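Please open the structure in your viewer and keep the selection tool at hand. This tour goes from one stop to the next, saying at each what to select and what is there.

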Amino acid sequence: MNSAVGETGVILIVDDNPNNLEVLSEALMDTGWEILVAVNGEGAIAQAEYAKPDIILLDVMMPGIDGFTTCDRLKSNSITADIPIIFMTALSETVDKVKGLNLGAVDYITKPFEQQEVLARVQTHLRIRHLTKQLQNQNQQLQQEVAERLLVESKLQRLTQDLEQRVEERTTQLSHALSHLQQTQVNLVQREKMSALGELVAGIAHEINNPVNFILGNLGHASEYTQSFIELLNLYQKYYPEPVDEIVDKIDEIDLNYLMCDFPEIILSMHKGTKRMAQMIRALRHFSRRDDALAELTDIHEGIESTLLILQYRLKANPERPAIQIIKEYDTLPLVECFPGPLNQVFMNLLANAIDAIEESFVKSDSSLAEYTGEITIRTSVPEQRSVVIIQIADNGIGMTEEVKQRLAEPMFTTKPVGKGTGLGLSISRQIIEEQHRGAIWFVSEAGEGTEFFIEIPVVRN
């Protein structure tokens with residue numbers, strides 16, 4: 001399979017397993033791409049700084065520094081920060097996937113490798129890489145042309161009206177081309193990211209759903225059997241109160257009375273934990289619903305709750321801060337005709353940004369904020385005589401300066417450190433709400449006083 005024109009490049013494969021290196025090298029050998037290899041994180045960082053590859057395939061589990069640490073160092077280095085990274089892993093934990101994406105990875109490839117999938121994913125991200133470089137070249141060309149025009153205008157005061165008109169037309173064309181390239185890049189990243197996330201979550205939920213239901217069903221029987229055994233033992237103690245010495249010794253050795261009290265509690269604890277896993281599976285399935293061609297009637301609250309359940313690990317207390325409180329002020333909402341998968345992604349983006357803003361407040365807080373508690377308030381409502389629903393997500397985090405508010409709508413703009421954000425979250429959310437759902441999204445924010453986002457979507461799509 002030969003790579004398409006314009007999609008060639010240098011690929012760095014990082015894996016400590018020679019068999020994996022051989023499989024990937026053979027899979028990519030006939031594409032025309034130049035292949036580099038490294039067997040550990042230190043070697044990968046050195047090669048990336050020297051060769052500046054177009055894309056890096058990075059194994060997670062390696063001796064020395066692992067893939068996550070390697071990714072973090074690459075994204076923290078200005079020389080290698082913009083190189084796309086695709087993780088290679090056999091891990092199935094969602095937290096590990098999300099951790100990699102938060103570090104700046106663009107995708108995951110799961111072992112064992114499927115050749116066609118590897119080629120397709122690498123080719124897609126190379127295409128994005130080339131579009132990004134093309135965008136940078138167009139930016140440089142635009143800046144150069146504007147500078148040349150200004151120089152000509154300063155030296156030639158009698159420049160004709162026709163020349164001014166031509167400059168204006170050319171500037172408009174370049175601006176349109178720049179906007180088109182930015183939107184194309186956002187769409188490509190969004191499509192590939194949602195496809196990968198949907199496949200990942202659906203696969204995880206499918207694989208663990210059956211064993212969890214099996215365990216949950218059998219725990220009920222185990223509880224009944226346990227109670228029967230306890231009742232039988234009580235009967236033995238009632239009618240045979242003086243057992244032989246060997247039985248007396250065994251009862252003392254195992255502390256029978258304690259076991260009879262504690263074992264039902266253990267079964268109950270296992271039952272609660274398994275039910276929690278089943279709830280998480282349902283939340284993952286609901287969150288990862290695909291963007292089908294037709295909208296469907298959806299419970300907005302169910303989407304919000306599934307998103308909160310997935311983000312629960314980020315809301316819990318940690319050594320740097322207490323738990324973030326979620327305040328829910330839900331109105332009675334009708335079922336809304338919408339695309340639930342993309343809408344859940346909007347909730348995920350806004351809630352994750354709210355958590356980041358609160359955590360930044362803790363980092364920058366001083367003694368005057370010693371009693372500060374992070375809070376996220378979620379409100380839903382239906383205005384009178386209006387066929388829309390409104391969702392409000394407010395935080396008491398660090399807020400935004402005027403400069404940030406002015407630039408927030410720009411694709412690729414982010415206030416987060418390199419490797420911590422792509423700058424696409426709000427741009428994608430705006431596209432989902434305004435274009436897919438024909439709604440509106442806006443916000444109010446003051447530095448140091450938090451941010452509140454408003455989402456308005458029609459109950460019925462016209």
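A residue is called buried when its relative accessible area is under 20%, exposed when it is over 50%, and partly exposed in between, using a 1.4 Å probe and protein chains only. The model is predicted, so that local features need pLDDT of at least 70 and side-chain atom pairs count only at pLDDT 80 or more, while totals for chains, interfaces and linings use all residues. Residues are numbered from 1 along each chain as its sequence is written, and side-chain values use heavy atoms, with hydrogens and water left out.

Select Asn349, which sits in helix H11, residues 340–364 (helices are DSSP runs of H or I with at least four residues, strands are runs of E with at least two, and both are numbered from the N terminus). Asn349 has a relative accessible area of 14% and is therefore buried.

Next, select the largest nonpolar core, which has 39 residues, with Ile300, Phe347 and Ile391 among those with the most contacts inside it. Such a core is a set of buried Ala, Val, Leu, Ile, Met, Phe, Trp, Tyr and Cys residues joined through side-chain atoms within 4.5 Å. Helix H11 gives this core its largest share, ten residues.

Now move to Asp59 in strand E3, residues 55–59. Asp59 is buried because its relative accessibility is 3%. Apart from neighbours within four places in sequence, Asp59 is in contact (heavy atoms within 4.5 Å) with residues including Val14, Asp16 and Lys111.
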